[in-house]
Amino acid sequence: MGAHNISDWRKLPLSLTELCIDTTLRCGQSFRWRKINDEWHCVLQGRLVSLKQDSSTLHYRATWPKAADALPKPPISVPSTLSEPLAGTDGSIHEDDTASVLHSYFALSHSLSTLYQQWTATDPNFARRAPAFTGIRILNQDAWETLISFICSSNNNISRISQMVQKLCVHYGPYIGTIEGEPFHDFPGPDALAGSQVEGHLRELGFGYRAKYIAETARIVSKDRPAGWLLQLRNPDCPALGMPEKKLVEKHRAPGQGPTSYRAAHEALLQLTGVGPKVSDCVCLMGLGWGEAVPIDTHVWQIAQRDYNFGKGGKGKTLTKAMYDAVGDHFREIWGPQAGWAQSVLFTANLKSFAEQASVVKREVLAEMIEMDTVAVGQKPAATKRLIAKVKVETEETSSAQPANRSRKRTARTTASLEVETTPDEVAKVEVFTRRTSKRLKAAGV
């Protein structure tokens, strides 16, 4: 990192049930975090933040660029108007507020364990799937970055969205620093993406039709909307990243304008080019602090059909606007004001990239069941016969050797054997154990 200013590693006491960065940072919320040598890195608020985690602590450090390095790389179409990062003109650090930034970014004012308990009590499906996916928080991100990132998400996957966002940063954002030979840039502002040549350049970079949406939305936000327009759409009870005081949000409201609502913010975003209901809800949830927003993409629609009986009987299988609203309202009814947070847990559980994580937890639950019920059988008297109870665990694996559209599923069957030396009188107890375990496995979705 050369002459860059690097803080010491510092600590935030934080359990994995309150935040798991290995899950939260790769489940399709933010697309700029990169993992290098077991550490996560991303530019936040003008500094390069590095994170690592153990069972009880989140470790962090920050790297600031020197003033000369912090100057934005000029985009090909317009001169940049981005402000300089948080550093002195001599490159010295005046104050390290990274702990405050992380508290805001990870929305640590919410008790995640309490929320999980509430959702588990009201939703049996959440109760079945959540144990494998604890510690998933909704990130409190910059609204502009969230807007452009999810415009890129149209008909796309997480890996390719991340590549597009990286290209935007490299070609239009200010350079901040380098780790292990990988350069890191901040996200470009609206002015940097509003030039007349941006669309053509983005098409050359592989953005396709999304290039027009990005350039046009940047032009609207930077030219046609008043300064601070996105802040006007923000949940007043959830301060923006880098703006801890609620009054800073109110400062950007037009004269006479009262606090906005989730519905009003959702509708306002729909006026932008390339923004439909799902993208609007993503921005509301992850960029504007509206916890009740429930983005419904193909994964969540599959969950609604499979686990919540939407689209049954051949009716309503297409996700129309009316069906979109109905699904969102249903989830808001059962999950409450932070419904979008609960949705993110089930969304993650439905991703193929997390299938092994779910499978491992299910096997651990099975082992605990067997151990617990083995003890419940009681003391072993003089043995007269040996009874072996077997429980089959089936997991589906998708063979990577097949094309994506012709994936071949194979079922791996594992037999867990419980051997108990028992008298005939104890046979019935073990049979009860077998039936009870089978029911638990079925309830747990194994």
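**Salt bridges and their labels**

Tutor: The structure holds 15 salt bridges. This is a predicted model, where local features need pLDDT of at least 70, side-chain atom pairs count only at pLDDT 80 or more, and totals for chains, interfaces and linings use all residues. Residues are numbered from 1 along each chain as its sequence is written, and side-chain values use heavy atoms, with hydrogens and water left out.

Student: Why is the contact of arginine 137 and glutamate 18 called a salt bridge?
Tutor: The term asks for a side-chain nitrogen of Lys or Arg within 4 Å of a carboxyl oxygen of Asp or Glu. Here the N to O distance is 3.2 Å, so the pair qualifies. The two residues are 119 residues apart, in distant parts of the chain.

Student: What makes arginine 203 and glutamate 199 about one helical turn apart?
Tutor: They sit four residues apart in helix H8 (residues 198–204), hence that separation. Helices are DSSP runs (H or I, at least four residues), numbered from the N terminus.

Student: Why is aspartate 325 called partly exposed?
Tutor: Because its value is 26%, aspartate 325 falls in that middle range. Its salt-bridge partner is lysine 321, at 2.9 Å, N to O.

Terms used: Buried means under 20% relative accessible area, exposed over 50%, partly exposed in between (1.4 Å probe, protein chains only).
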